[in-house]
Amino acid sequence: SHLRVAPDSVRFWVDLSRAEFDTQGPTGGEIYDRRLHDLIFLWDFGDTAGAWTAPEKGLPAWKNRNTAKGPFVAHMYTRPGTYTASVLVVEPSSGKTASATVEIAVADPDVVYARANTICVNPVGDSDFTGAPAGAARGNMDLLTHADANLPKYRNTGPKRWLFKRGAIYSQSLDISLEANGLYFGTYGSGVKPIINAVPTSNFREAVVYCNGLFGGTEDTPDLRFTDLDFRGIFDPVTTIYSDPGEFCMGLLMQGSADVAVSRCDFSGFHSVQINLQ
C-alpha cells in the first residue's frame with residue numbers, strides 16, 4: 001500500500017456529484033463531461049516550499065509551486081507535515097462557486113525508516129560513514145547488485161530506505177525488484193548530490209535504474225521514491241552512433257507497475273528524457 005512519507009506526490013481531483021452548477025454532468029451512456037472544460041478549478045496545496053526556478057522567462061505567478069489550475073492536478077510535498085489543500089470551483093456562465101478542503105498528512109522519513117530500516121551505502125572501499133543516521137545499517141555499493149528485495153537479509157522486512165553518500169561517485173546501476181514495497185533512495189551527509197553512473201552493456205535497454213517485475217501478485221501497487229540523486233548516462237546525441245551499447249541508455253526503465261515519486265533528482269546523458277514504461 002502507498003506510504004505517505006516525504007517526498008510524496010499527491011494527485012487531486014474534485015467529486016462534483018453533489019455540486020449545484022448549471023453545467024450538467026454526463027447522463028445515460030455519455031462519456032464526455034462538459035464540466036471539466038466549462039468550470040474553472042483553482043487549487044491551493046497549503047504548502048510553502050517555494051517557487052519553481054525554471055523556465056527563466058516564465059511569469060512569477062506560473063512559478064508558484066503552491067497553486068495549480070485544472071480538474072486533475074498533482075503536487076509534490078517535499079517536507080513532512082500536515083497540510084490543508086483547498087480548491088475553488090467557478091462556473092463563469094452563472095457566477096456560481098463551490099469550494100472544498102482536504103487534510104494531507106505527510107510522514108517524516110526519519111521516523112518511517114528509523115534505525116535499521118535505513119541502509120547507508122558508500123562506494124566500494126569507502127568506510128567513512130560520517131553523517132549517517134543513528135542506528136542505520138551500513139554497506140558498500142556491491143551490496144546493491146539487486147536492491148533490497150533480492151537480498152535475503154532485507155526481503156519482506158518492511159519499508160527500507162537506501163541512502164547514498166553526498167559528494168560520492170557510484171558506478172553501478174540499480175536493479176530493483178518491485179516485489180518490495182516502500183523503497184526509498186536518497187542521500188546522507190553533506191555536500192553535492194551523489195552521482196550514480198549508468199554502467200552500459202550490450203543490452204540496449206540498459207538503465208541506471210531498472211525496476212523489474214510485478215508486485216507479489218497482489219492488488220497493491222509498490223511504492224518507490226527517489227530524491228536528491230544525480231543520475232548520469234553515456235548517451236551523446238552528437239557522438240553516439242547506433243552500434244554503441246549505451247545508445248538507448250535510459251534513466252529509469254519500468255517493467256511492471258509502481259507508484260513512483262522523483263524529487264530533486266538530475267538526469268543527464270540518457271537517450272530520452274521521459275520515463276520509459278514497458
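The model is a predicted one.

The chain has two helices and 20 strands. Of its 278 residues, 42% count as buried. The chain exposes about 14900 Å². Carbon and sulfur atoms supply 53% of that area. Among contacts with a separation of 6 or more, residues 24 or more positions apart account for 69%.

Ala85 stands opposite Val102 in β6. The hairpin of β5 and β6 has four residues between the strands. In this hairpin, Gly95 takes a positive phi near 85°. Strand β5 also pairs with β2, which covers residues 40-44. Five bridges join β2 to β5, and the two run antiparallel. Here Leu42 stands opposite Leu88 in β5.

Another open sheet is parallel. It holds four strands in the order β10-β13-β16-β19. The edges are taken by β10 (169-171) and β19 (266-268). Each edge strand has a single partner, so one side of each is left without a neighbour in the sheet. The twist in this sheet averages 15° from one strand to the next. Strand β13 covers residues 195-197, and strand β16 covers residues 230-232. Three bridges join them in parallel. Asn197 of the pair stands opposite Arg232 in β16. In general, strands of a sheet pair through backbone hydrogen bonds, either parallel or antiparallel.

Cysteines were examined next. The disulfide count comes to zero. Cys120 is buried, with a relative accessible area of 0%. Cys265 also counts as buried, at 16% relative accessibility. That value falls under the 20% cut-off for burial.

Salt bridges were then counted. The total comes to 15. Asp8 forms one with Arg225, and the closest N and O atoms are 2.8 Å apart. Asp8 lies in strand β1 (residues 8-13) and Arg225 in strand β15 (residues 223-227), so the pair ties together parts that are 217 residues apart in sequence. Both partners are buried: Asp8 has 0% relative accessibility, and Arg225 has 1%. A network of salt bridges links Arg4, Asp8, Asp223 and Arg225.

Another salt bridge joins Asp266 and Lys193, with the closest N and O atoms 3.2 Å apart. Asp266 lies in strand β19, and Lys193 in the loop between β12 (183-188) and β13. This pair links distant parts of the chain, 73 residues apart. Asp266 is partly exposed, with a relative accessible area of 35%. Lys193 is partly exposed as well, at 23%.

Arg34 forms a salt bridge with Asp38. The closest N and O atoms of this pair are 3.1 Å apart. Arg34 is partly exposed, with a relative accessible area of 43%. Asp38 is likewise partly exposed, at 30%.

Methods
Residues numbered from 1 in each chain as written. Predicted model: local features only at pLDDT ≥ 70, side-chain atom pairs only at ≥ 80, totals over all residues. Heavy atoms only, no water. Pairing = 2+ DSSP bridges. Buried < 20%, exposed > 50% of the residue type's maximum accessible area, 1.4 Å probe, protein only. Contact = heavy atoms within 4.5 Å. Areas by Shrake-Rupley, 256 points an atom, 1.4 Å probe, with all protein chains shown as cover. Disulfide = S-S within 2.5 Å. Axes fitted to C-alpha atoms, helices over the stretch in contact; angles between N-to-C directions. Salt bridge = Lys/Arg side-chain N within 4 Å of Asp/Glu carboxyl O.
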